[in-house]
Amino acid sequence: MDTMTVAENKWVGKAEELARAVLARHAEEVDQQGRWPRESITALGASGLLGLTVPGTCGGAGEGAKTFAAVTCVLAEHCASTAMIYLMHVCATQAIAAAEMFPRREEVLRAVAAGHHLSTLAWSETGSRSHFWAPVSQAVVAGDTHRLSAEKSFVTSAGQADSYIVSTRCAGASDPLASTLYFVPADTPGVHVGAAWNGLGLRGNASAPIRFENVEVPESHRLSGEGSGFAVMVNTVLPWFQVGAAAVAVGIARAATEAARQHLLTAKLDHLGQSLADLPTLRARLAQMRIAVDVQQAFVERVAGLIECPGPATLLAVLESKAAAAETAVQVTDLAMRACGGAAFGRRLTVERHFRDARAGSIMAPTTDLLYDFVAKVLLDMPLFGGDS
């Protein structure tokens, strides 16, 4: 944090204030009821954080990956569901901002910056599962009208977002990588939201399937060139998603570490006249947790810096970031559960919620196993996509 600019520190400070005042107050209820955190998203909009990465020319703060990662980490520390909604919104916003040919670009981005528009990605499909870059759905073109029919399996903020960034294979193409991205307003006829999300963790992010049934959009709603959606996915959006997902994982792990620290300080062994903090085994576990969190936080900051100033190490670091942070969050929250024992398993502490939330990162596309394969392919000078990917 000490290497941040004044502007970066301002936004992180604003996020910390908002997270403590709003996100933390509703996080437990959001988790228990599995409800979308409307109060938190409204507060993010009012604070300007929804427009954090929107270009200044469109009314946003124009901040880069470093500020975004730091802000997302803070949000996740207090409510991981809100942080995931925020992450997907910023990724969608990056796709819109990159679409210079999109006639509504400035209008939508100004609405985002004003806190009046929430967007999200609708990429993963039942047919290609976690291989989000290879849609099996295919657009049908009739003049200026593009008709989309797709079964999207997991869409964050489903039924809550104002727009969806939808991927589909372009008309007439057989190559699954020949995709096109579209801007689809949520109120477009043919958009059907599936059953409510009832997941193990991240229970408030409204991740649900959406069926796009003969949804008609004008050609002007394309956010990529015809067949060039893959390039936007991988080069524009994926780095932001990777570092943002890593930041969410670090925030969860940091919250679990602090909850465990507080428990060790306050819980007593009355018959021995000691606190749990007097036990060397538990202190060792706390130390392991904190070291792991600090290492991952430093790595996320480095990756965010590489996204802002790309170089030869950027691709490998970006691919490593989500896998490393997701696995660290799993390990740290497991240690926290062990250190806090029955108080954690009995859900008297927030540790159990962090434990569940942490597990989402490993199976969220691109999954940890897939990222391990990608990292190895980079090291072996093999192509990332195609073949058995």
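Student: What volume does the largest pocket have?
Tutor: This model is predicted; local features need pLDDT of at least 70, side-chain atom pairs 80 or more, while totals for chains, interfaces and linings use all residues. Numbering runs from 1 along each chain as its sequence is written, and side-chain values use heavy atoms, leaving out hydrogens and water. A pocket is an open set of points where a 1.4 Å probe fits, on a 1 Å grid over the protein atoms alone, with protein on both sides within 12 Å along at least five of seven lines. The space filled by probe spheres set on those points, joined across faces, edges and corners, gives the largest pocket about 730 Å³.

Student: Which residues lie nearest the centre of the largest pocket?
Tutor: The lining (residues with an atom within 4 Å of a point) holds 33 residues. Nearest the centre are Ser124, Phe154, Ile363, Met364 and Ala365.

Student: Which element gives the largest share of the lining of the largest pocket?
Tutor: Helices (H or I, at least four residues) and strands (E, at least two) are DSSP runs, numbered from the N terminus. H4 (80–98), E3 (145–155), H6 (229–266) and H11 (360–363) each give two or more residues. The largest share, four residues, comes from H6.

Student: What volume does the second largest pocket have?
Tutor: Its lining counts 14 residues, with Arg20, Glu77, His78, Ala255 and Glu258 nearest the centre. H1 (6–33), H3 (65–78), H6 and H10 (351–358) each give two or more. The volume is about 340 Å³.

Student: Is Ser224 buried or exposed?
Tutor: Ser224 sits in the loop between E7 (208–218) and H6. Buried means under 20% relative accessible area, exposed over 50%, partly exposed in between (1.4 Å probe, protein chains only). At 2%, Ser224 is buried.
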